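This briefing is for a reader who is new to the structure below. The points are grouped by topic.

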Amino acid sequence: MVGGSVPVFDEIILSTTLMNRVISFNSVSGTLVCQAGCVLEELSRYVEERGFVMPLDLGAKGSCHIGGNVATNAGGLRFLRYGSLHGTVLGLEVVLADGTVLDCLTSLRKDNTGYDLKQLFIGSEGTLGVITAVSIQCPPKPRAVNVAFLGCPGFAEVLQTFSSGKELLGEILSAYEFMDAECMWLVTHHLRLASPVQESPFYVLVETSGSRAGHDSEKLSDFLEQALSSGLVTDGTVATDQTRLKALWALRERISEALSRDGYVYKYDLSLPTERLYDLVSDLRARLGSQAKHVVGYGHLGDGNLHLNVTSEAFSPSLLADLEPYVYEWTARQRGSVSAEHGLGFKKRGVLSYSKPPEALRLMQQLKALLDPKGILNPYKTLPAQA
Ligand code: MLT
Ligand code: ZN
């Protein structure tokens with residue numbers, strides 16, 4: 001997404017692929033301890049066989065490593081329900097720049113013994129140390145999962161449907177994702193997926209995860225009935241079996257892949273106040289006019305996270321000049337984040353100051369100098385280039 005793991009100049013690539021062992025799993029607490037190179041999907045399978053789930057899930061699950069997930073503080077599709085890795089990671093083993101092995105691989109839920117050092121490495125993109133093992137809290141596997149895919153007539157209705165979902169579904173609401181009509185066009189045309197509902201300006205995917213099927217479907221039916229009768233939703237479909245669930249999720253999860261088949265993609269991953277989130281997309285559509293092939297908005301609405309993507313036939317410097325710094329300035333005015341979940345890597349390291357004050361940046365540089373004085377850990381990434 002941001003070139004965080006892409007070598008650019010003189011880097012050496014360090015692979016943790018062979019560090020793929022589960023170290024332990026506690027079937028009472030649900031604590032998994034494993035090496036950094038374990039693939040997320042394999043870990044999911046491992047804990048699911050034991051009645052638990054991983055607290056995170058994302059489109060790249062089949063290839064991404066848990067060490068990389070933690071290093072980049074990956075968000076993904078279960079964030080709404082289980083929160084950030086800053087909360088679910090219980091411990092880490094990290095190798096520091098001087099070779100010291102920092103063993104903070106505890107499995108304690110509560111530990112107030114001084115600074116919580118592991119937090120420094122979560123989201124540091126490998127710039128402060130190399131994560132070699134992870135201890136993570138896995139929640140129990142929900143017994144009943146439902147997915148509803150709905151069409152909404154406008155963005156205001158997308159927001160109202162979310163409020164109503166929180167109220168009526170309560171603790172079983174586990175995902176609330178949205179996509180606009182252009183996203184649907186991209187997945188149906190480039191990936192040949194079929195839309196399960198009538199054409200609408202917006203679509204939302206609502207997932208519920210709970211412990212009793214009957215109870216959950218009753219709640220979901222009430223919610224859908226209200227949403228349809230009040231006109232918040234114009235059409236919808238519900239899935240409970242695994243095959244249909246996956247097919248509905250694919251419409252949302254595969255947008256990124258469809259975009260990459262559309263041409264050159266300018267990618268933005270922003271945190272914004274939910275009520276203003278789509279204004280930026282409409283604003284840019286007008287600003288860019290025919291220069292852009294598509295200007296799309298989708299993402300984790302439940303987390304206030306917009307994925308704004310623009311495509312053009314080929315890379316265009318003038319289109320880029322119309323996008324940046326405009327998008328960053330717009331975001332900064334809302335006190336948003338210029339990187340909600342993708343990190344800064346190589347591509348976004350220069351825009352950190354739109355979301356962090358100079359004092360915070362200085363402290364980050366000082367921490368980097370303390371932990372990696374020779375600048376050997378993921379150089380040229382995350383922090384702005386120093387003058
Ligand atoms: C997603 O949620 O699909 C990704 O984080 C964003 C993307 O692939 O553009
Ligand atoms: Zn995302």
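E341 is buried, with a relative accessible area of 15%. In this predicted model, E341 is also one of the residues that coordinate the zinc ion (ligand 2). H300, another of these residues, counts as buried because its relative accessibility is 3%, below the 20% cut-off.

**Zinc site**

- The zinc ion (ligand 2) is held by H300 through NE2, H307 through NE2 and E341 through OE, at 1.9 to 2.1 Å.
- Along the chain, these donors follow the spacing H-x6-H-x33-E.
- H300 belongs to strand β11 (residues 294-300), while E341 sits in the loop between α13 (326-333) and α14 (358-371), so the pair ties together parts that are 41 residues apart in sequence.

**Ligand 1**

- The residues around ligand 1 are M1, R252, S256, K267, Y298, H300, H307, E341 and H342.
- By class, this shell has two nonpolar, four polar and three charged residues.
- An oxygen atom of ligand 1 lies 2.5 Å from an N or O atom in the side chain of Y298.
- For the side chain of H342, the distance from an N or O atom to an oxygen atom of ligand 1 is 2.8 Å.
- For the side chain of E341, the corresponding distance is 3.0 Å.
- Ligand 1 taken alone exposes 270 Å², and the protein buries 86% of that.

**Domains**

- The domain assignment of the protein chain gives domain 1 (22-137), domain 2 (144-250) and domain 3 (262-343).
- Domain 1 and domain 2 have C-alpha centres that lie 30 Å apart.

Terms used: Residues numbered from 1 in each chain as written. Chains lettered and ligands numbered in written order. Predicted model: local features only at pLDDT ≥ 70, side-chain atom pairs only at ≥ 80, totals over all residues. Heavy atoms only, no water. Donors = N, O, S within 2.8 Å, 3.2 Å for Na, K, Ca; no water. Helix = DSSP H or I, 4+ residues; strand = E, 2+ residues; numbered from the N terminus. Buried < 20%, exposed > 50% of the residue type's maximum accessible area, 1.4 Å probe, protein only. Domains from an automatic or database assignment. Near = heavy atom within 4 Å. Polar contact = N/O pair within 3.5 Å; in protein donor to acceptor, adjacent residues only side chain to side chain. Areas by Shrake-Rupley, 256 points an atom, 1.4 Å probe, with all protein chains shown as cover. Nonpolar A, V, L, I, M, F, W, Y, C, P; charged D, E, K, R; others polar.
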